Amino acid sequence: MKKLNFLAFACAISMVAVSCGNMSNIDNIPEANSSEIARVEPPSWWIGMKTRLQLMVQGKGISGYQVSIEDYNGVKVKEVHKADNLDFIFIDIDVSTTARPGTFYLIFSKGNEQFKYAYTLSERSKGSESRTSFNNSDLIYLINPDRFANGDPTNDSTSVTTEPCNRKAPFGRHGGDIQGIIDHLDYIADLGATAIWPTPLLEDNLKEESYHGYACTDYYRIDPRFGTNELYKEMVSKAHEKGLKVIMDVVTNHCGIDHWWMKDMPFKDWVNMHDEYVGTSHRFSVLTDPYGSQHDREIMSRGWFVPSMPDMNLDNPFVLNYFEQWAVWWIEYAGLDGLRVDTYPYNAKEAMSEWCASVRREYPGMNIVGECWDHSPAAIAYWQAGNGNKDGFDTNLPTVMDFPLFEAMCRSLGVGPRGSIGDITDVYNSLSGDYAYTNPLNLLIFFANHDCLRFGDIVRRNPDKMKIAYSILATMRGIPQIFYGDEMMFANGTQHKSDGMLRMDFPGGWDGDKVNLFTVEGRAEAAANHATLAADSTTFNATKSTRDTVLANAASLHDYASRLFNWRKGKSVIHAGKTLEFLPHDNAYAYFRYNDSETVFVFINNSAEYCKIPWDDYAEITSKLPSAGLNVMTGETITIDQDTKVPPTTALIVEYSLK
């Protein structure tokens, strides 16, 4: 593999910014055309920011020009850096505390030639720096926008994007968009969610399979098939009105092969290039292995994720600064409430640690969750901030995704081809590994997401298993996340994972859909006429029997999930309470969430038989409880003793008031 020379950046030539002479003649200087200035990123900025402003300017032969700023109080050119590519420069702009909102001009001069470029500084929104973020009081609703709802059919295919809409293609564009999300914010809020996480909405202009958005081709532009930057900002604002936070899914590890800079890179090592294609090993262990080789670490962090996704070189300081500013720009521009970082350990880990620190310097309360897909709590814990790793490394990443718990839920609740069932002890064992984490309350917990089999398929369309999954998600420590449609057991009817199929269209999100699961009436019709509707429906990429089962249970499962998730909203004992669990027996598992004023008892009977609750075994906590509690799902008063039986495949949740 080609060895990278990072010392080259220390030797970058700087241009001295000089006065362009008579500033009183600024009106006589022509505006730059698209050849002279092709782009400037970030496209705007704000006063009062901690993040330093470094403009990336692209233009034909732009490195041959001197740069200055008209007489604008508090703003000046600090330094100009040349790149390997003479069509790029990087301009450090000093924005002092005396600067005011407005537009200033960058003046580009070469001999007698001059042109100008207008750049805008805005006032920050009130309270921007101290904004709150998502936390363990939230329930996150994960959406794949292309498959959620088509609110604007006019943008399904556009003249400026390559892949046209084809709803019949599992891996094609289906037409879902930002307007579709806006149109169904009430549905999401009514379900009990308090935050939404759409998978990437930035431009992904690959020729095929561009629907998922993880191969970005323009980091400052919403994909036109989803909408516009302005519409995205409007979506965030309208979500806030509904009590919903918005988390942006960001990808710093890689871009798309058709990103504009792949044809005209600023530096030769802007992305990690090799003499021939080198793919990542996908083995995180080499990054934490105290005996690991540098060779293996290089392949893991500098290899490409797939051939269509070039690996960004975050060890290049200009690349790192680009992504630091980019994250801050979107937070400030759109009013975001959090970030989710895709493929987190694939990034250069020291650079990403600085990236996280940079974002949180600007927004101290900002939560960032990283996708760290590993099987053991110890491996995941390494990536959570403040973990005290023996190698001295700190990620500065507040939240990580709890993949060990996810896998345990899949094993425990999954149903085999002949009806065999797992053991709930797997969930207990996963939770018993919490000693490894700095803060277990800051784990993102889930039983499914956009990269995994539909949970409805894992449990073989068993609605009782789904209810157990909802119950664990709603009562366990951490920040819960549900994948769109799982509140109604969306399923494909197969154990073969196909990303394009499991990211299915939400029935009712497209004009002409025969089934509308967004509405109470539509769910009721699905329950009453499921066999007929299943025969006609093409929404699911599934067999008729699978569609039939999903539609038959959609209303009851939605009502169960909604009641449970809305109950969770106001329960601080669940958000931040302590946990006490007991060793499972006979495929039944009990745990308590408690604080000084409340206790919630959760009993999971994962077996096929009635199970007695060994209430006396829990005396260390139950002896302090009142004799009767409230059944969360029925609203009825309940008294539990040694003779209380729980039906098969059932979750019992009881709350006790200690006031």
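Where is T395 found? In this predicted model, T395 belongs to the loop that runs between α8 (377-381) and β17 (399-401).

Although T395 lies in a loop, the residue is buried, because its relative accessible area is 1% and the limit for burial is under 20%. The side chain of T395 takes part in polar contacts on two sides. A polar atom of this side chain lies 2.7 Å from the backbone oxygen of W383, and the side chain also reaches the backbone nitrogen of L397 at 3.1 Å. Which residues surround T395 once its neighbours within four places in sequence are left aside? They are Y344, M352, S353, C356, Y382, W383, Q384 and A385.

The next topic is empty space. Rolling a probe the size of a water molecule over the atoms shows where empty space is left. The largest pocket holds about 680 Å³ of space. Its lining consists of 29 residues, and H212, F305, V306, M309 and D499 are the ones nearest the centre.

A disulfide is a covalent bond between the sulfur atoms of two cysteines. How many disulfides does the model contain? The count is zero. C452, for instance, is in no disulfide, because the nearest cysteine sulfur, that of C410, is 6.8 Å away, whereas a disulfide requires sulfur atoms within 2.5 Å. C452 is buried, at 4% relative accessibility, while C165 is partly exposed, with a relative accessible area of 25%.

Note on methods. Residues are numbered from 1 along each chain as its sequence is written. This is a predicted model: local features need pLDDT of at least 70, side-chain atom pairs count only at pLDDT 80 or more; totals for chains, interfaces and linings use all residues. Side-chain values use heavy atoms; hydrogens and water are left out. Helices (H or I, at least four residues) and strands (E, at least two) are DSSP runs, numbered from the N terminus. Buried means under 20% relative accessible area, exposed over 50%, partly exposed in between (1.4 Å probe, protein chains only). A polar contact is a pair of N or O atoms within 3.5 Å; within protein, one must be able to donate a hydrogen and the other to accept it, and residues adjacent in sequence count only if both atoms are side-chain atoms. Contact means heavy atoms within 4.5 Å. On a 1 Å grid over the protein atoms alone, a cavity is a set of points where a 1.4 Å probe fits but cannot get out, and a pocket is an open set with protein on both sides within 12 Å along at least five of seven lines; lining residues have an atom within 4 Å of a point. Grid points are joined across faces, edges and corners, and a volume is the space filled by probe spheres set on the points.
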